[in-house]
Amino acid sequence: MALKIGDLLMRENLITKEQLDKALETQRQVGGKLGSTLVRLGYVSEEDITSVLSRQYGYPSINLSLFEIDPSVIKILPPETAMKYQVIPINKTGGTLTIAMADPTNLFAIEDIKFMLNYNVEPVVASESAIRASLDKYYGTSTDLEVKKVLDKVALAEESNVEVMDAEQEQIDLESLTKASEDAPVIQLVNLILTDALKRGASDIHIEPFEREFRVRYRIDGILYVVMNPPMRMRDSITNRVKILAKMDIAEKRLPQDGRIKMKAKKDNRLKEIDLRVSCLPTLFGEKIVMRLLDKENLKLDMTKLGFEPESLRKFEHAVTKPYGMVLVTGPTGSGKTNTLYSAISRINTTETNIMTAEDPVEYNMVGINQVQMKDQIGLNFAAALRSFLRQDPNIVLVGEIRDFETAEIAVKAALTGHLVLSTLHTNDAPSTISRLMNMGIEPFLVATSVLLIAAQRLIRRLCARCKEEVYTPPQALIDIGFTPEEARIIRTYRPKGCHDCNNTGYRGRVALFEVMEISDDIRDLILVGASAMEIRKKSVEEGMITLRGSGLAKIRDGMTSIEEVLRETVR
């Protein structure tokens, strides 16, 4: 079909010879069907391909999104066959089954279905994305099918030979625990959970036991989704399997534990090495496990792609290239602070500089940078590491987080004695960081003289570029969220719709909002006289600071995100 569809589209003047050659070259590099490649490159739409195939082969075309299929018709074709050939049964009349397919020239698929079901098969043409969406809707995803197969094996297998002991019993049969966690179905299911999370672009996996439910959730683009509910009797086996992989003590069920898993998995036909940071916490009904997926390819080290507005980026780059002083990145857990700091140090990482980092944990290994993992249980905390760093002749010091007075005091002294210090704090915005440091016990004159710049940030979801749709928003509503009356009249706003590419969420990927406050002479004076965060904010805005809400409005203006996302993460 690949060459035929290209020739057909050229014959109808929908693409040029150069575009076809470019698409064939792209197809050779990344694989996939030629039709999908042409659509991805923006040369044609799926509707163009469907229309051409319909006219050429005399089959009617159908818009599956407007077609509700009878569940009894869906049951006729096994899900494995529907997934294999990417077809969907849509109607049965007597001995004739009508199937929708993107490639009506696939005679092998038609003949195989005829032979298998003993029906006369009539194809109609539909777009690839519509067929994928219908397969997900009526059969579940291919991962759901794999899960079902694994769970079927579990159902056929004998009951676990691990005996559940009473709370009072302290003796644990380690041999039984290990044996149960190494049963084939358990291993398959855990592997499936890990690889599926990677395919779906999840940042975290939550395995959670409750009184009558055992569930697995993925955090995708900051939002948690339930993906499966394994049988309750597999709870301990799955938990122990993960603990064994993370090199934790499976006999210890009363205390929290941390571990790490290194795995190799295929994604986009490439073998990737993924690190998983594993945390195990005893709860009322068993141990909850959270795994953070650390994929180095997702680490954006190009600061221009993080979401900075041009003026904010200029200020941030200027601050991190200074020889001494303190640059702070603030925001809640999971707001991308680590990514911003890594981007900053990769920007200034040269053979002439000695960069030392104290992290808890070290999330990504970076070449040319001395990274130290904190170990509180032996006394290696941020303050102890920072003291040691100052005897190691550093130029740049990165402290994972300023949590207490001791760490803050050493960091400030380092910034005042010729070192560039980068660190993070948990505050709501940039101006309130000043108050936070002083509340920790740092004198105002030390804060004023050491801090160069504070960047507050949040992560919001990007609209899926493939399916986002324009929506009318009343001008007054736009004015209420912060746009000027002139902007409100001309701005185009978008909302999420949902398609196969974005798992029907309408969002794909995330972008950061930044509030960058440079410590000018006027702001220094305000800090020295003990001004409030509100006064510092007012002065910063007068000097041109773009607030978190302002950064969000810029993303709405560019069609990058929806109004709901910005309102969820920012205040005026």
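Leaving aside its neighbours within four places in sequence, with which residues is L386 in contact? The answer is V397, V399, T407, I410 and A411, where contact means heavy atoms within 4.5 Å. The structure is a predicted model, in which local features need pLDDT of at least 70, side-chain atom pairs count only at pLDDT 80 or more, and totals for chains, interfaces and linings use all residues. Residues are numbered from 1 along each chain as its sequence is written, and side-chain values use heavy atoms, with hydrogens and water left out.

**Helix α15**

L386 is found in helix α15; helices (H or I, at least four residues) and strands (E, at least two) are DSSP runs, numbered from the N terminus. L386 is buried, its relative accessible area being 1%; buried means under 20% relative accessible area, exposed over 50%, and partly exposed in between, with a 1.4 Å probe and protein chains only. The C-alpha atoms of L386 and V397 are 8.1 Å apart in space, and the two residues are 11 apart in sequence.

In α15 (residues 382-389), the residues F382, A383, A385, L386 and F389 are buried. Viewed down the axis of α15, these buried residues fall within an arc of 165°, so they line one face of the helix; the arc is that of the directions from the helix axis to the C-beta atoms. Their cover includes β11 (355-359), β12 (370-373), β13 (396-399) and α16 (405-416).

**The sheet and its helices**

Seven strands form an open sheet with mixed pairing, in the order β12-β11-β13-β14-β10-β15-β18; two strands pair if DSSP finds at least two bridges between them. β12 and β18 (507-518) stand at the edges with a single partner strand each, so one side of each has no neighbour in the sheet. Strands β10 (residues 325-330) and β15 (residues 451-463) run parallel and are joined by 5 bridges. V329 has A455 of β15 as its bridge partner.

Axes are lines fitted to C-alpha atoms, for helices over the stretch in contact, and angles run from 0 to 180 degrees between N-to-C directions.

| Helix | Strands crossed | Angle |

**Helices α21 and α22**

The axes of α21 (residues 521-528) and α22 (residues 533-542) come within 10 Å and cross at roughly 170°. The two helices are therefore roughly antiparallel to each other, a term for angles over 145 degrees. D522, I523, L526 and I527 of α21 make the contact with E535, I536, K539 and S540 of α22.

Methods: Angles under 35 degrees count as roughly parallel, over 145 as roughly antiparallel, 65 to 115 as roughly perpendicular and the rest as oblique.
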